[in-house]
Amino acid sequence: MATEALGWWGVPLGILAGTLRGSAPFLFVSLGECLTEKSGKINLGLEGTLLMGAMSAYGVSYLTQDAVGSFWAPWLGVLAAGFAGMTLGTIHGWLAQQPRVNDVAVGIAMIIFGSGLAFFLGKPFIQPQASQLFTFEFGAWSSNPAVQSALKVSPLFLMGVAIAPIMQWFFRSTRWGLYIRAVGDSPQAALAMGISTFKVRMLSIVAGSFFAGIGGACLSLYFPGVWTERISSGQGLMAVALVIFARWSPLQCLWASLLFGGAQAIGPAFQSVGIDAYYYLFNAAPYILTLVIMVITCSPQRTLIGAPGALGKDE
Amino acid sequence: MAIAQAAAPSDWFYRWRRPLEAVALPAAALLAAIVIFGGFCAFAGANPFAVYGSIYKAAFGSWSAWQNTLIRASPLMLTALCTALPARLGLVIIGNEGALVMGGLAAVVAGLQLGTALPAPITQVAMAMAAIVAGGLWITLAGALRHYRGVNETISSLLLNYIAIALMNHLVEGPMRDAEFVTKPSSAELDPSLLIGNLPGSRIHYGLLYGLIACIIAYVLIQRTTFGFAARTAGGNIRAARIAGLPVGKLTLAVCFLGGSAAGLAGMIEVAAVQKRINASLVSNYGYAGILVAFVSRHNPLATVLVAILLGGILASGGILQRSHDLPDATVLVFQGIVFLCVLFSDSLYGRLPWFREKAAT
């Protein structure tokens, strides 16, 4: 491992590299979840969407790489991941809006269904090597291979970074953003404005699932860049907690994703300098971090600032 | 018209419409799931009728198949209680897998520490108690965070799953690792005298009885005691419960403890009857399948027994689907997902179907 040559500097460098790589899926899933929750429904099933996206992206990239070449094949994969996400989102959006159906329960069912479908369809893709997305080599100025590999940044990550402020602007300054916020805060008021709650929520959930599917593509086509059944390990669910931490603000989702990506990189970074005694405990860092953050930010007395008013209510 | 309807209530179907609806809708949901999954199998290139034939044969076709099914059903009954009991109080707990792992871990630690110093039955009871307390406290943590800090219990209990698994991996890779066992990082093996034996004349371990007894106790507790009544009241309307002076906080903690202790006991059964030591194989989705069992049985502990046996059968048939129909092992997971979605949809049909509808009073 080239990082060893850097000695202890390998740890912060490893965490930086891990942040750049590992935060992309968090970013896309949390932006998707943010969009969904703004309309007043929770989608816990994004864990399944993430897996389905990762599988579709990898599978399509592998199957089309001979036909369209190794540059465009992964982009087709990214698109396929988005569409796979939208398909699952449609099921969730329709079912979660039926009377007397709890959106949290639908989410749990969608985790089981989505991950089952991803493992089922993805079985043939576990072995073969699919074309990966290209990366920007921001580390080319350095002669150190560790720095070079750390600063390989995916265009998907940059896209996510760009989408966050755009979504912020979308919610604040556009008619459609207002519709979504109205439906999420007060369905009755939205109804009085002549907005169809069902349609707006449906579109928000489907669009959110599109983002989550692309988050899956980040996993399988960028980092770690393989398709296995253990690829997501709860990132889709952590994103739900992340949105709470980010107070339903897309821009804060960006900072929170970077924090979570960094927390995830702690274990591997220490392992790369030869400390692996607590490898598994360090790997639990993102989960513990999420829990601690939720304990700090939540309160039993009042609803959270920024929380959509109709979130978690049956209306 | 009014006269015709006044005569209708004497009709037996009308009088029994509520219980009939409660049985017919889940059954119809199951049937719908079977049809959809059949279509899915056909799409995947397998003959659906042959697939269902194999599932039936592998799950309930013979005594040997029944034994396989019941071995899998016993942890499912217990992990399902981990979701079903808090659900009666309006909490959605999905930390079943984590509580199972903590229970298994505590049981192995107790079993290895006590060894053969004490008579085996006493050590077994100690192992079971350790598992119950560990699993119970694990879920109580989620309940306490909910009550005192307002943290969403679904997300926190799910995060606790990953933390429990990481803790177990850390212990079996490090401090608890048995260096002589090279196949995969594991703890040392439990002394054979500490293992849970089998029911006479079968391969089914006594864990099945633990599961049955736990479900019956849970049913009596929820449906027939003041404690259960208080919990159901708080689940129905938490503000009304507070005004009535019910100790909502204590109820939350107690119900979470009971649910977690059931899943912890499932962990103890798995290590003391099936695995004999603790390693990553303990994480085998019994927790997540337990969530499905709880929702399909509509959080009724007696229905849980039946649904757990049904799902145990489906799990037991996973291997045969792979061998004789060339379907991946995830097929069972897809089936579970379809069943779950159909059952949730059937929930929205209560009171909406014309046959079960209340007739006008006049």
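## Helices 10 and 12 of chain A

In this predicted model, helix 10 (residues 250-272) and helix 12 (residues 285-297) of chain A pack with their axes 8 Å apart, at an angle of about 140°. Helices here are DSSP runs (H or I, at least four residues; strands are E, at least two), numbered from the N terminus. The axes are lines fitted to C-alpha atoms, for helices over the stretch in contact, and the angles run from 0 to 180 degrees between N-to-C directions. Helix 10 and helix 12 of chain A are therefore oblique to each other. For the labels, under 35 degrees counts as roughly parallel, over 145 as roughly antiparallel, 65 to 115 as roughly perpendicular, and the rest as oblique.

On the helix 10 side, A:L259, A:F260, A:A263 and A:Q264 meet A:A285, A:P286, A:L289, A:T290 and A:I293 of helix 12 of chain A; contact means heavy atoms within 4.5 Å.

## Helices 9 and 14 of chain B

Over in chain B, the axes of helix 9 (residues 207-224) and helix 14 (residues 301-316) come within 7 Å and cross at roughly 150°. These two helices of chain B are therefore roughly antiparallel to each other. Helix 9 of chain B brings B:L212, B:C215, B:I216, B:A218 and B:Y219 to the contact, while helix 14 of chain B brings B:P301, B:L302, B:T304 and B:V305. Sorted by class, those residues are eight nonpolar, one polar and no charged.

## Where the chains meet

The contact between the chains draws 47 residues from chain B and 45 residues from chain A. About 3,800 Å² is buried between chain B and chain A, with carbon and sulfur atoms giving 81% of that. Buried area is the accessible area (1.4 Å probe) that two parts lose on being put together, summed over both.

On the polar side, six residue pairs are in polar contact between chain B and chain A, both partners at pLDDT 80 or more. That term means a pair of N or O atoms within 3.5 Å; within protein, one must be able to donate a hydrogen and the other to accept it, and residues adjacent in sequence count only if both atoms are side-chain atoms. The elements giving two or more residues to chain B's side are helix 7 (120-149), helix 8 (153-173), helix 13 (286-296) and helix 16 (331-347) of chain B. Helix 8 of chain B gives the most, with 13 residues. By class, chain B's side has 29 nonpolar, 13 polar and five charged residues.

## Salt bridges

Six salt bridges turn up over all chains, counting a side-chain nitrogen of Lys or Arg within 4 Å of a carboxyl oxygen of Asp or Glu. Between chain B and chain A the count is one: B:D329 with A:K123, at 3.6 Å, N to O.

Within chain B, the side chains of B:E21 and B:R18 pair up at 2.8 Å, N to O. Being three residues apart in helix 3 (residues 17-43) of chain B, they are separated by about one helical turn.

## Local details in chain A

A:I163 belongs to helix 5 (residues 155-173) of chain A. Leaving out residues up to four places away in sequence, A:I163 touches A:F28, A:L31 and A:F211.

Two backbone spots are worth a look. The peptide bond from A:F223 to A:P224 is cis, with omega near 0°, and A:P224 lies in the loop between helix 8 (197-221) and helix 9 (235-245) of chain A. A:W248, in the loop between helix 9 and helix 10 of chain A, has a positive phi of about 55° although it is not a glycine.

## Ground rules

Residues are numbered from 1 along each chain as its sequence is written, and chains are lettered from A and ligands numbered from 1 in the order in which they are written. Local features need pLDDT of at least 70, side-chain atom pairs count only at pLDDT 80 or more, totals for chains, interfaces and linings use all residues, and side-chain values use heavy atoms, with hydrogens and water left out.

Key:
Ala, Val, Leu, Ile, Met, Phe, Trp, Tyr, Cys and Pro count as nonpolar, Asp, Glu, Lys and Arg as charged, and the others, Gly among them, as polar.
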